[in-house]
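My notes are below the display.

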Amino acid sequence: MDFGIAVATSTESWKVVKRAEELGFTHAWFYDTQLLNPDVFIGMAMAALNTSRIRLGTGVLIPSNRIEPVTANALVTLNRIAPGRIDFGVGTGFTGRRTMGLGAIPLARMKTYVQRVQSLVRGERIDWDFEGKQRRIGFLNPELGLINVDDPIALHLSAMGPKARALTAELGAGWLNFAADERAAVASLRDMQRAWSNQGRADDSLYSTLFVLGAVQRPDEPLDSERIVAQAGPWVSVFFHSLVETTEPGAMEAALGGPRSELLERYRQVYLNYPQAERHLHNHRGHLMFVRDDERFLIRPDLIASMTFTGPPVMLRERVDRLAAAGYNQFCVQLVEGQEGAIEEWAEVLGLK
């Protein structure tokens, strides 16, 4: 099994990626969330210049936020700095669009976008519709060696629903999943494997990655310690960030149960008290980065235990082993801003040191 890290991109991300490479992690994924994080391609370029083996990927890029030639140009530039180490991770949009008050883009639009970017990074010319006109575009002078269109750039899709998984299989892409509940993660993998098989693809050709947030619990450490809340709590918050925007007041979400639904309604009041035109700005501030003061009440020990990848080292290793046995190819843990030292504990859990 491969092991990766994910980071909310910053100009300092290269330091923890360099350490990840030293420890034996195989992948580093960089979140692409304009208005929340520094630019993903700048962060990746700095990491590319300071590493030599670890793979570097967008985790994930949103098509609507960067036109195809811009994305392709950034990818082949990175491929020039780190030949053969670049992964193109893409999705329909959660944080990257929610921060601007927008929903996900249609799958058909993502498919067209992905196919165009893939053609461009291979050095091909494409027909591109933009501003109401069709144009022929492609890199004009790749022979100068300023970019790299020769080494392959692997494609990975973030696919949470059945239609997105079917598209992943159709395109022959790697699959990116984000979960902490082991049963749900395995069930999602089985669904992805069925979609893969339905396309006539060999079972062992699917490359699957599971992203998690969590913390390695120290002896006698409570689940609501400040350290664990800082490392695992942002994932609990994100769950409520999404629900409050997609449910009506009073909704009893089947995924929550009674006590947690009460928490949802309490958080809904926090959300509704934000200025209406700026609710999306307040709701997603700190998304996957830190726990805000006004949402701290959400981070309960029982939710840390049930919704995040948190526990003693032996238990965490057993969970990782079961995920590997189920068929996941990569286990990827997000390191939270200011908590990058957690990589040392995760390396021990994963048998890297």
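These entries cover pockets, a cavity, a helix and a threonine, all in a predicted model.

**Entry 1: the largest pocket**

I started with the largest pocket. Its volume comes out at about 1200 Å³. I count 46 lining residues, and those closest to the centre are Phe 94, Met 160, Phe 178, Trp 235 and Val 238. H8 gives the largest share, four residues. By class I noted 25 nonpolar, 16 polar and five charged residues.

**Entry 2: the second largest pocket**

Next I took the second largest pocket, with about 210 Å³ of space. Thirteen residues line the pocket; closest to its centre are Glu 68, Arg 109, Tyr 113, Arg 116 and Asp 129. H5 and strand S5 (126-130) are the elements that give two or more residues to the lining. The largest share, four residues, is from H5. I sorted this lining by class too: six charged, five nonpolar and two polar residues.

**Entry 3: the cavity**

How many cavities of 30 Å³ or more does the whole structure hold? My search finds one. The largest cavity holds about 40 Å³ of space. I listed its lining as Gly 214, Gln 231, Gln 334, Leu 335, Val 336, Gln 339, Ala 342 and Trp 346. The lining splits into four nonpolar and four polar residues, with no charged ones.

**Entry 4: helix H6**

What covers them? Gly 172 follows the helix, with a positive phi near 65°.

**Entry 5: Thr 58**

Last, I looked up Thr 58 in strand S3 (residues 55-58). Is Thr 58 buried or exposed? Thr 58 counts as buried because its relative accessibility is 0%. Its side chain reaches the backbone oxygen of Gly 89 at 2.7 Å. Leaving out residues up to four places away in sequence, Thr 58 touches Trp 29, Phe 30, Val 40, Phe 41, Met 44, Asp 87, Phe 88 and Gly 89.

Conventions:
Residues are numbered from 1 along each chain as its sequence is written. This is a predicted model: local features need pLDDT of at least 70, side-chain atom pairs count only at pLDDT 80 or more; totals for chains, interfaces and linings use all residues. Side-chain values use heavy atoms; hydrogens and water are left out. On a 1 Å grid over the protein atoms alone, a cavity is a set of points where a 1.4 Å probe fits but cannot get out, and a pocket is an open set with protein on both sides within 12 Å along at least five of seven lines; lining residues have an atom within 4 Å of a point. Grid points are joined across faces, edges and corners, and a volume is the space filled by probe spheres set on the points. Ala, Val, Leu, Ile, Met, Phe, Trp, Tyr, Cys and Pro count as nonpolar, Asp, Glu, Lys and Arg as charged, and the others, Gly among them, as polar. Buried means under 20% relative accessible area, exposed over 50%, partly exposed in between (1.4 Å probe, protein chains only). A polar contact is a pair of N or O atoms within 3.5 Å; within protein, one must be able to donate a hydrogen and the other to accept it, and residues adjacent in sequence count only if both atoms are side-chain atoms. Contact means heavy atoms within 4.5 Å.
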